[in-house]
Amino acid sequence: MSSFSPIGPVVGIVGAGQLARMTQPPAIALGIELRVLANAPDESAARVIVDTRIGDYRDLDDLLEFAKGCDVITFDHEHVPTEHIRALTAHGHIVRPGADALVHAQDKAAMRERLTAIGVPCPAWARVSSAEDVSAFAAEHDWPVVLKAVRGGYDGRGVWVCRSAEEVAQAFEAGVELLAEAFVPFERELSVLVARSPHGQGVSYPVVETVQQDGICVEVLAPAPGLDQEDAAQAQRIGLRIAHALGVTGLLAVELFETADGLVVNELAMRPHNSGHWTIEGSTTSQFEQHLRAVLDLPLGSPRMAAQAVVMANLLGGDEPDLFKRYEHVLAHDPGIKLHFYGKQVRPGRKIGHVTALGSNLDEVRARARHAAVYLATGEYT
């Protein structure tokens, strides 16, 4: 914890993961003081941010103590109890996004209800409390049925694709509230990142394609290759429309399915997002700087791309715990590649960093990013 008096606005981030960590460089440039609430001193952001407080985001007293002296409170994740966010506001703290907005990223049923009400394209869905409810839903919308935890799921966790009634029991064994969605036969997954400030200024980044593996995003291609200009514009309109209708302040990531019949909204996140990491080098204003600008109600920055093609590849942990010894090859092989490590212990399948490549030819840029990510993780060439 710092003993210095702040000389700029203080932004408190609840959560000390890699998103908070990557917010530090633009905060330094803008003269913003960051404070993070970490569960432990060895968390990703706690390793690099001086003003780190240790506490439990599920404990209201810890949150209230953390918020003292902050100009605004924002989030590294969506797991803070909604009632605690309301209590912070009731105690006079500025929280962005507020509870009325953030609940739509915390509660999938609330999200589906609101998006359906404002006419945003969504899969058919229903709340379910028994296997019989799921079978009735399937009778109307066919198998497979996608069951989702209403709260708490991410990176493929809390999602069950059930192809028959016999597969439903496993989801209910998790003991969480569920909703059912019709399976969407999508052609690919897209994401659009928008930002909105408290006084209503909004900007949209280019639409990107996200490549998933086992429920985890492994690549982001910016801009989404071959996407029709009207579809790209529609995706951006959808993102800005949702941000306005829900009263979002800060960043909003809208994950979409591209289908033969058009775009369908899959998920929402109200914070910097994995699909926007490419913006650190690939955009005039990174998503992390944009989020700071938005929550402090500063004029928003340009989302313009810095190159014709940008590819971000997630670095997933493998069996080798020491990745630093592979730096030399990657940096010598491609001096233009950009590496980002999150200060996390290596575990198989865990996101421990990402690499970004920029250029004019998408295939070439993608090959460069993939080579660096695979070699760092496995020591093998692609």
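What is the relative accessible area of Phe 183?

Analyst: Phe 183 has a relative accessible area of 41%. That makes Phe 183 partly exposed, because buried means under 20%, exposed means over 50%, and partly exposed is in between (1.4 Å probe, protein chains only). The model is predicted: local features need pLDDT of at least 70, side-chain atom pairs count only at pLDDT 80 or more, and totals for chains, interfaces and linings use all residues. Residues are numbered from 1 along each chain as its sequence is written, and side-chain values use heavy atoms, leaving out hydrogens and water.

Where does Phe 183 lie? Its place is the loop between strand S8 (178-182) and strand S9 (188-196). Helices (H or I, at least four residues) and strands (E, at least two) are DSSP runs, numbered from the N terminus.

Phe 183 also belongs to a surface patch. Together with Val 159 and Val 161, Phe 183 makes a nonpolar patch of about 210 Å². Patch residues have over 30% relative accessible area and no salt bridge; nonpolar side chains (Val, Leu, Ile, Met, Phe, Trp, Tyr) are joined within 5 Å, like charges within 9 Å. A salt bridge is a side-chain nitrogen of Lys or Arg within 4 Å of a carboxyl oxygen of Asp or Glu. Accessible areas come from the Shrake-Rupley method with a 1.4 Å probe; for residues, only the protein chains shown count as cover.

Now the sheet. S8 is one of four strands in an open sheet, ordered S5-S8-S6-S7 with antiparallel pairing. Its edges are strand S5 (125-128) and strand S7 (159-162), each pairing on one side only. On average, neighbouring strands of this sheet are turned by 25° against each other, direction ignored. Two strands pair if DSSP finds at least two bridges between them. S5 and S8 have four bridges, in the antiparallel sense. Within that pairing, Val 128 has Leu 178 of S8 as its bridge partner. Strands of a sheet pair through backbone hydrogen bonds, either parallel or antiparallel.

Which helix lies across this sheet's strands S5, S6 and S8? Helix H5 (residues 108-117) does, running at about 145° to S5. Axes are lines fitted to C-alpha atoms, for helices over the stretch in contact, and angles run from 0 to 180 degrees between N-to-C directions. Contact means heavy atoms within 4.5 Å. Strand S6 covers residues 145-149. The loop between helix H6 (131-141) and S6 holds Asp 142. Phi of Asp 142 is positive, near 75°. Asp 142 is exposed, with a relative accessible area of 53%.

Seven of the eight residues of H4 are buried, so H4 is largely enclosed by the rest of the structure. Among them are Leu 102, Val 103 and His 104. A cis peptide bond joins Arg 96 to Pro 97, with omega of about 0°. Another cis bond runs from Ala 222 to Pro 223, with omega near -10°. Pro 223 sits in the loop between strand S12 (216-222) and helix H8 (229-246). Most residues other than glycine have a negative phi, and most peptide bonds are trans.

Asp 297 has a positive phi as well, near 60°. Asp 297 is partly exposed, at 29% relative accessible area. Its loop runs between helix H10 (287-295) and strand S15 (309-316). H10 is mostly covered, with eight of its nine residues buried. Leu 292 is one of the buried residues.

Leu 292 also touches Val 11. Val 11 is found in strand S1 (residues 10-14). With 0% relative accessibility, Val 11 counts as buried. Other residues that Val 11 touches include Ile 32, Val 72 and Leu 296. Val 11 and Ile 32 are 21 residues apart in sequence but 7.2 Å apart in space, C-alpha to C-alpha.

Finally, S15. Eight bridges join S15 to S17 in antiparallel fashion. One of the partner pairs is Val 311 and Ala 357. Strand S17 (residues 351-359) is mostly covered, with seven of its nine residues buried. Strand S16 (residues 338-341) also runs antiparallel to S17, joined by four bridges. There Lys 338 stands opposite Thr 356 of S17.

Technical notes
Lists of a residue's contacts leave out its neighbours within four places in sequence.
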